[in-house]
Amino acid sequence: MMQNVHLAPETDEDDLYSGYNDYNPTYDTEELENDTAFQQAVRTSHGRRPPSKTSLVSSMGRPMTGAIQDGVTRPMTAVRAAGFTKGALRGSAFDPLGQSWGPAPALEARSEDSPEEKIRQLEKKVNELVEESCIANSCGDLKLALEKAKDAGRKERVLVRQREQVTRPENINLDLTYSVLFNLASQYSANEMYAEALNTYQVIVKNKMFSNAGRLKVNMGNIYLKQRNYSKAIKFYRMALDQIPSVHKEMRIKIMQNIGVTFIKTGQYSDAISSFEHIMGMAPNLKAGFNLILSYFAIGDREKMKKSFQKLIAVPLEIDEDDKYISPSDDPHTNLVIEAIKNDHLRQMERERKAMAEKYIMTAAKLIAPVIETSFAVGYDWCVEVVKASQYVELANDLEINKAITYLRQKDFNQAVETLKMFEKKDSRVKSAAATNLSFLYYLENEFAQASSYADLAVNSDRYNPSALTNKGNTVFANGDYEKAAEFYKEALRNDCSCTEALYNIGLTYKKLNRLDEALDCFLKLHAILRNSAQVLYQIANVYELMEDPSQAMEWLMQLISVVPTDSRALSKLGGLYDSEGDKSQAFQYYYESYRYFPSNIEVIEWLGAYYIDTQFCEKAIQYFERASLIQPTQVKWQLMVASCFRRSGNYQKALDTYKDIHRKFPENVECLRFLVRLCTDIGLKEVQEYATKLKRLEKMKEIREQRIKSGRDSSGCPRGRRDGSAGSDSGQNCSAGSKGERLSAQLRALPGTDEPYESSSNKEPDASYVDPLGPQIERPKTAAKKRMEEDDFADEELGDDLLPE
């Protein structure tokens with residue numbers, strides 16, 4: 001025991017404060033990070049282990065508390081109640097906290113039948129149903145979303161009843177109830193069940209326990225707007241605006257914009273202007289600026305339109321410049337970052353915002369340019385100057401091209417050409433667009449040399465412009481070089497696989513080259529892109545007809561008729577195919593439908609009249625031949641057919657009157673006189689001798705004519721003449737007589753024969769052709785813009801690009 005007793009040295013007797021400045025490392029907290037034993041105790045369970053039998057000695061040389069030395073545990077204190085027992089003398093470990101008792105017992109298992117657990121599981125199920133409803137709505141399955149929302153509503157009501165039985169009413173989860181009702185109302189609205197949606201929104205709005213439920217009146221206003229109940233929509237928008245605090249500036253601006261749009265729909269333009277002016281003063285945006293221009297346009301205020309257009313131009317886009325995406329150095333890390341952000345979602349959003357701004361500005365300029373000044377040209381010039389002074393400088397060229405298009409709509413081609421020619425010295429993109437349009441204009445005017453020149457300029461300015469390549473192919477096609485035209489169309493398709501004009505034109509080119517399989521392949525590909533294009537459907541049917549496959553041709557014509565049921569050309573074509581197949585009843589049905597939609601087609605009228613004659617219904621054939629005689633009054637055959645139908649049906653008096661009328665109009669028609677003589681003889685009329693005399697005279701004239709024609713042919717080979725005077729004189733007279741006989745025979749040949757219809761002195765017939773705007777039977781290549789072209793016996797309104805460059 002004495003070895004642990006330390007006596008104070010004699011030298012310290014006089015120092016009463018010795019030891020106070022001694023440093024004890026036990027209390028050094030700054031060095032704990034370097035204390036290996038302490039760090040091991042903190043990181044592991046080493047510190048919770050019972051102390052070993054070895055003696056623990058502090059840095060001062062005395063045993064540590066709880067240490068066992070010579071088989072005896074040093075007590076915490078001298079008081080027994082502090083934990084010192086006699087058992088320690090027998091070597092038991094010091095464990096005042098009971099850590100040596102072993103692991104804690106297992107937790108009591110939760111009972112799944114308890115009310116709290118049932119409520120918790122039901123609440124989880126309701127949340128899952130709400131999430132599934134939202135996901136189904138985002139995927140477009142509105143019906144499933146509504147079913148899930150209804151199921152969530154039912155389960156939430158069961159949950160509320162169970163909570164009321166177990167806990168107090170104030171413990172009900174209001175957030176869950178709000179989300180269930182709000183989702184149900186949204187799904188009702190998405191499924192256009194507006195009455196149910198409004199009822200559900202009313203439940204939410206009237207419940208005072210839901211905070212901020214008043215802003216849902218915006219949704220109710222939207223529903224009334226869809227129902228065209230504009231007064232109630234404005235009422236609910238204003239109620240929502242009153243309940244939204246001024247700190248929510250963006251929300252208030254959106255509601256005011258809805259109010260302005262509703263005022264426009266009701267025609268209250270002054271109130272709409274007030275709303276949009278307030279928005280443009282507080283937080284200007286593109287939609288509000290465009291709607292403000294529309295409102296001023298509606299009331300015809302020119303100066304306000306100009307100011308509003310300037311406000312629209314000044315709206316900040318808040319997007320990065322394109323220079324940001326150009327690498328300033330060769331640093332590979334910087335290049336990788338720029339490449340990564342060049343087409344990310346943020347960049348795509350910026351592009352969409354810029355495209356929307358350009359669309360609003362272009363539309364507004366086209367709207368106000370014709371009315372803000374004395375002429376649309378001056379108005380366009382003002383818009384161009386304003387745009388040039390703004391951040392949308394590149395739109396100025398597009399406005400100039402729109403100016404040329406406006407000239408085209410006004411049929412002022414010269415001004416359009418002059419306007420487009422100003423772009424010849426601009427940058428390549430604008431030059432290509434202007435040259436493309438000039439090529440199109442000259443192509444329409446059949447000036448193929450100029451069209452080809454400007455098409456070359458457009459292609460040289462922008463080799464990847466599919467419209468320019470298509471126009472160049474069209475000019476080559478017009479010159480008959482179909483192989484070269486096909487090459488230009490193929491190049492246009494390589495640059496833009498969605499260029500439907502090039503694909504259509506290459507199909508026409510293959511038809512001209514008689515490569516029908518390739519033509520059919522092109523048109524079938526085009527049909528996959530343009531499912532309801534009448535032109536494409538007709539071309540497919542026409543190719544099958546050329547391939548001598550009438551069944552397929554009829555099938556595609558049926559599809560064509562389903563798209564354009566009033567196209568008389570398609571109906572008559574289908575009737576002709578059924579007629580060639582021997583199905584007269586089906587042919588009659590489609591010919592009759594064609595006649596019903598267009599009763600001036602001579603071919604259809606003739607077929608229907610012949611059909612009724614073949615089926616022994618001559619009375620019904622009369623109306624068709626009478627209509628044909630009205631369309632072609634100089635053609636005697638239609639009136640002869642009318643008289644013939646009267647004669648075949650036994651109405652001899654009507655037939656006689658008709659023949660007499662024909663004889664008055666065409667007195668030298670032999671066929672009419674023959675029937676008159678026959679009818680007068682059968683009936684026993686006295687006029688028979690008169691008609692017989694006229695018939696003999698006409699027949700004699702016919703014989704004389706034939707003889708003189710024959711003699712004229714014989715005398716055309718007379719000798720040139722002899723050197724002696726008498727002989728030469730005779731021969732000259734003979735030749736003169738021969739040439740005179742030729743002139744007389746030519747005049748006689750102009751008279752009608754017995755088997756030819758009489759023609760009046762004017763050889764021109766009334767134009768009975770019909771230009772069908774839906775007929776796709778054009779064989780001329782398409783230009784890069786919509787146009788009407790007529791060729792052969794069919795007309796077509798073409799597919800084509802707009803004159804506006806993409």
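A residue is called exposed when its relative accessible area is over 50%, and buried when that area is under 20%. The model shown here is a predicted one.

**First stop: two loop residues**

Select Glu 192, in the loop that connects helix H4 (174-190) with helix H5 (194-206). Is Glu 192 buried or exposed? Its relative accessibility is 59%, so Glu 192 counts as exposed.

Next, move to Arg 228, which lies in the loop between helix H6 (217-226) and helix H7 (230-243). Arg 228 is not a glycine, yet its phi is positive, at about 65°. With a relative accessibility of 64%, Arg 228 counts as exposed.

**Second stop: a buried asparagine**

Now select Asn 291 in helix H10 (residues 286-299). The relative accessible area of Asn 291 is 14%; because this is under 20%, the residue is buried. Which residues does Asn 291 touch, leaving aside those up to four places away in sequence? They are Val 261, Ile 264 and Phe 276.

**Third stop: a pair of helices**

Two packed helices are described by the angle between their axes and by the distance between those axes. Display helix H22 (residues 516-529) together with helix H23 (residues 534-546): they pack at an angle of about 155°, and their axes are 9 Å apart. Angles over 145 degrees count as roughly antiparallel, so H22 is roughly antiparallel to H23. The crossing of H22 and H23 is left-handed.

To view the contact itself, show the side chains on both helices. From H22, the contributors are Leu 516, Leu 520, Phe 523, Leu 524, Leu 526 and His 527. From H23, they are Val 536, Leu 537, Gln 539, Ile 540, Val 543, Tyr 544 and Leu 546.

Select helix H31, residues 670-683. At 1.5 Å a residue, its 14 residues should span 20 Å, and the C-alpha atoms at its ends are 20 Å apart, so the expectation and the model agree.

At the start of H31, a side-chain oxygen of Asn 669 comes to within 3.3 Å of the backbone nitrogen of Glu 671. Along the helix, the buried residues include Val 670, Cys 672, Leu 673, Phe 675, Leu 676, Val 677, Leu 679 and Cys 680. The tour ends at Gly 684, which follows H31 and has a positive phi, near 85°.

Terms used: Residues numbered from 1 in each chain as written. Predicted model: local features only at pLDDT ≥ 70, side-chain atom pairs only at ≥ 80, totals over all residues. Heavy atoms only, no water. Helix = DSSP H or I, 4+ residues; strand = E, 2+ residues; numbered from the N terminus. Expected span 1.5 Å × (residues − 1). Buried < 20%, exposed > 50% of the residue type's maximum accessible area, 1.4 Å probe, protein only. Polar contact = N/O pair within 3.5 Å; in protein donor to acceptor, adjacent residues only side chain to side chain. Axes fitted to C-alpha atoms, helices over the stretch in contact; angles between N-to-C directions. Parallel < 35°, antiparallel > 145°, perpendicular 65-115°, else oblique. Left-handed = near helix turned anticlockwise from the far one by under 90°. Contact = heavy atoms within 4.5 Å.
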